[in-house]
Amino acid sequence: MTGRRAAGTSAGPGSTLVTGIGELTTNAPGGPGTRDGDPTGLVTDAVLLLDGGRVAWAGPAREARDAVGHALDGREPDVTVDAGGRAVLPGFVDSHTHLVFAGDRAAEFEARMAGRPYEAGGIRSTVAATRAASDDVLRAGLARHLDEAARQGTTTVEVKGGYGLTVADEERSVRLAREVTPEVTFLGAHVVPVEFAGRADAYVDLVCGEMLATCAPHARWVDVFCETGAFTPEQSRRVLEAGAAAGLGVRVHAGQLGPGEGVRLAVGLGAAAVDHCTYLTDDDVAALAGSWTDSGTRPNGTSRAVAGTVATSGAGAGTVATLLPGVEFSTRQPYPDARRLLDAGAVVALASDCNPGSSYTSSMPLCVALAVREMRMTVAEAVWSATAGGALALRRDDVGHLAPGARADVVLLDAPSRTHLAYRPGVPLVAKTWKSGHPHP
Ligand code: NIG
Ligand code: FE
């Protein structure tokens with residue numbers, strides 16, 4: 001039920017008061033109405049106030065009259081929405097996608113379901129389709145997938161290149177990605193392209209030289225696929241160090257197809273995140289956990305919840321282990337051992353890895369459901385990892401939580417609790433989202 005009480009005073013989003021929230025996940029422990037020791041800052045019978053694209057107040061209904069009046073300085077809210085007892089949470093932060101591509105690989109998926117294993121080399125068929133596509137085709141694909149994600153509650157998305165693999169095609173990929181998100185990742189080192197077959201080091205020279213110089217102005221991050229069949233740890237280190245020297249933050253694909261040195265390389269270079277983590281050694285797990293204790297910036301949100309801030313940004317933060325359960329679903333590999341990471345004290349994010357090869361889903365609710373059902377994460381851990389965890393993986397402190405001052409990125413579920421995200425898999429449960437306070441749809 002939505003009532004418009006007064007016109008907004010500016011062209012901005014104005015103020016929106018959401019009342020009657022059965023269950024509000026704030027990811028802001030210590031806020032009004034939260035319980036001690038709950039990293040998700042859950043508030044029942046809650047109210048949320050958005051103003052000027054930011055969260056202005058979140059807390060229990062019994063405190064709302066005074067708090068809202070104070071926050072709005074006596075103004076009436078422009079819009080009031082009655083959640084009718086339904087659940088509200090921060091918008092999902094999808095910290096890992098590959099959305100600049102053309103074509104699909106449905107035939108490869110079908111063959112895999114008939115017993116063929118996933119191979120990194122499949123990437124090259126998407127490279128051929130992407131190179132052959134016009135800018136407008138790539139833009140249309142991006143828009144379609146982003147709309148699909150938004151309708152499922154995603155309000156922040158990272159987008160990688162990596163299906164161009166020439167200077168011009170990678171420049172185009174990151175330039176088009178930058179039209180839709182600031183979280184753009186240069187992934188020239190996704191796989192060695194066919195024209196460089198047998199000359200991987202020469203391709204790495206190109207990636208670290210002209211390709212990086214051309215792409216870096218459009219990107220915030222550098223990434224590399226450090227895996228057998230893609231790039232060796234030595235080649236990966238070269239790419240990541242060159243990217244860091246060009247001012248990019250570091251993230252890494254590692255441990256997808258087997259154990260290797262990629263995770264420790266990522267931690268050693270202070271990466272914001274290392275993604276996949278399906279195959280991990282004990283040393284990898286210790287390195288990921290230690291990256292937070294060593295830096296003294298450990299956030300809440302793991303099974304060993306500790307006092308601290310809700311989100312940590314900037315240099316000195318640890319390396320998030322980003323798990324991508326859509327990949328295991330689509331490749332029939334074993335799911336990553338989330339409990340081993342959480343129990344060791346690592347910080348875990350969940351992301352879709354949306355791409356036409358290994359995980360063609362844009363659904364963060366599906367990732368939450370898989371993490372709970374297949375990876376033994378609790379509902380609270382999975383929701384935290386898909387919101388606050390994703391924000392940490394992007395070193396963002398303005399999204400992934402609903403403390404006052406956070407970006408007004410909010411999801412209203414058509415369900416009384418966040419548990420329904422896992423309990424009702426495949427059901428479109430997102431009733432409404434707000435992005436920077438603007439409603440969608
Ligand atoms: O994250 N692992 C490397 N890259 C993608 C797969 C891309 C593809 O198969 O096209 C991933 O899973
Ligand atoms: Fe990926």
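Start where the two domains meet: 22 residues of domain 1 are in contact with 25 residues of domain 2 (contact means C-beta atoms, placed from the backbone, within 7 Å). To colour them, select 2-91 + 404-440 for domain 1 and 92-393 for domain 2; these bounds come from an automatic or database domain assignment. Over C-alpha atoms, the two centres are 30 Å apart.

Before clicking on, note that this is a predicted model: local features need pLDDT of at least 70 and side-chain atom pairs pLDDT 80 or more, while totals for chains, interfaces and linings use all residues. Residues are numbered from 1 along each chain as its sequence is written, with chains lettered from A and ligands numbered from 1 in the order written.

Next, pick out helices α5 (167-178) and α6 (200-215), which pack at about 30° with axes 9 Å apart. Here helices are DSSP runs of H or I, at least four residues, and strands are E runs of at least two, numbered from the N terminus. Axes are lines fitted to C-alpha atoms over the stretch in contact, and angles run from 0 to 180 degrees between N-to-C directions. The pair is therefore roughly parallel (angles under 35 degrees).

Now show the side chains at this contact: Val 167, Glu 170, Glu 171 and Val 174 from α5, facing Glu 210, Met 211, Thr 214 and Cys 215 from α6.

Notes
Angles under 35 degrees count as roughly parallel, over 145 as roughly antiparallel, 65 to 115 as roughly perpendicular and the rest as oblique.
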